[in-house]
Structures are given as structure tokens and as C-alpha cells.
Amino acid sequence: MPRSTPLPIVVLISGSGTNLQAIIDQIQGGQLNAEIKAVISNRPGVKGLQRAKAAGIPARVLDHSQYDSRESFDEALEQLIDSYQPELVILAGFMRILTAPLVEHYQCRMLNIHPSLLPDFRGLNTHQRALDAGRELHGVSVHFVTNELDSGPVVLQAVIEVNGDDTADTLAERIHQQEHIIYPMVIGWFADGRLSCNNNQAILDGQLITTPPKWINQQLRMD
Ligand code: GRF
């Protein structure tokens, strides 16, 4: 059921923010019924902050290097996020491991995008690891955030073929294009009340997601 007011979201970034830009563009184009209440970066001076300002969105810096522990940073982060009263928190290239209290506070209200076909290649350097493992297919996953890194329930994956001449850079570029399609799509599902999660399982249109839907060759496959 479409909502009458836009879904209030907060986006966390650490860098370039091309996913943030894709979300902004879809909101501005009327394809995504959401409103970005704030963009928060743990690093000052990153391009994603400029993107937020250019779109008239409050751009906040919470510099983790100014905090003496992960716990104290996450407490400040939680307070800052909550001051904007989001219904959904979007991690879009936010390069921090979150503490358990923060993750639990946003249980089923926080999404992440990870550049691999989870559960393969959690953590960093996913493109090179996919190449080293000789994978013919690679991709990117949107998932709810849980306490274990890159392990929460997957909602949607985009899949691409790995070519013989691919490098980590060419894969990253093609994966990025897919990210910009599937992340706004999933946020839209949440905004439209189609997506939720419960007991560490994602639910789409009233069905538990056991095999995540796939975005392949510009088509959504639900089987
Ligand atoms: C993306 O590759 C995403 O999968 C990962 O961080 C990167 C963010 O890119 N979690 P950008 O800052 O949105 O361009």
C-alpha cells in the first residue's frame, strides 16, 4: 500500500556517494517515495557530502577519529541519526563496523549494500576475490543489517557475468551501475510497505525470502 507521506530516511556514507546520488535522483524524479532527512559521513570532506548539499539535504560529519572508542562513536551516531527520526537507515558505502547496541537499535530498519553475491565474499576486496576464485558470476547484494558483518538477510541481488578480460576495476564499475538500480528499488519496496523483516528473515509481499530475488539483464526474477 503506497504511503501518503514520503518514507523518512537517513543515509550514512564514508566516500564518493554514488549510491546516495542514485537515491537522490530517484526521489527527485518521483520514482521513489522517500525523503532523505540527513546524510551523515564519518569522514570530513568527502564527495558524498557535496552531493547532499547540492540537493539541499542536511550534510553532517561525525568524525570517528574524534572519539576514543567505537562504543562512544556509535552512541553519538545513534543520537544524531535519531534526531532526524528516520524510519529506515541506509548504509551506502559506510566503512565502519557497527557495535551490537547500534545494530540492535535499528533492527529491521537498517539496510546495507555489499558488492558480492552473499554469502560469498563478506568483507573487503570482493571483486579481486571473485576473480581469484574463478567465478563466472559476480554481483551485489542488498541486505538488512545484523550483528554479524555482511550476514543479515538478503533482500535482492544483482548478478553480472565475469568476462575473461575483467579486472577488479572493470567489475567494480559494472557492479556500481547495478547498485544504482537495485538499492533504490529495495528502498521503494520498504517505502511501499512491501518489505519488512522479522527474526532475522526478510519478508517481501508477505512471503519469507528464502532465495533472494535476482536482478539479471535488466529483469527482476523472483524464482
Ligand atoms: C559500493 O561499492 C557499495 O557496494 C559498498 O561501498 C561502495 C559505495 O560506493 N558498500 P559509493 O560511495 O556509493 O559510490
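The centres of domain 1 and domain 2, taken over C-alpha atoms, are separated by 20 Å. The model is predicted: local features need pLDDT of at least 70, side-chain atom pairs count only at pLDDT 80 or more, and totals for chains, interfaces and linings use all residues. Residues are numbered from 1 along each chain as its sequence is written, and side-chain values use heavy atoms, with hydrogens and water left out. Domain 1 spans 1-106 and domain 2 spans 113-223 in the protein chain. These bounds come from an automatic or database domain assignment.

The interface brings 21 residues of domain 1 into contact with 16 residues of domain 2. Contact here means heavy atoms within 4.5 Å. About 1600 Å² is buried between the two domains, 67% of it on carbon and sulfur atoms. Buried area is the accessible area (1.4 Å probe) that two parts lose on being put together, summed over both. On the side of domain 1, Asn 19, Leu 32 and Val 103 lose the most area to domain 2. Together they make up 27% of what that side buries.

Salt bridges across this interface number 0. The rule asks for a side-chain nitrogen of Lys or Arg within 4 Å of a carboxyl oxygen of Asp or Glu. Polar contacts link 5 residue pairs between the domains, both residues at pLDDT 80 or more. A polar contact is a pair of N or O atoms within 3.5 Å; within protein, one must be able to donate a hydrogen and the other to accept it, and residues adjacent in sequence count only if both atoms are side-chain atoms.

On the side of domain 1 that touches domain 2, α1 (18-28), β4 (88-91) and α4 (100-105) each give two or more residues. The largest share, 5 residues, comes from α1. Helices (H or I, at least four residues) and strands (E, at least two) are DSSP runs, numbered from the N terminus.

One in Gly 17 lies 2.8 Å from a ligand oxygen. One in Asn 19 lies 2.9 Å from an oxygen atom of the ligand. One in Ile 113 lies 2.8 Å from a ligand nitrogen.

The loop between β5 (110-114) and α5 (126-132) holds Pro 119. A cis peptide bond joins Leu 118 to Pro 119, with omega about 15 degrees. Phe 121 is found in the loop between β5 and α5. Its phi is near 55 degrees, a positive value in a residue other than glycine.
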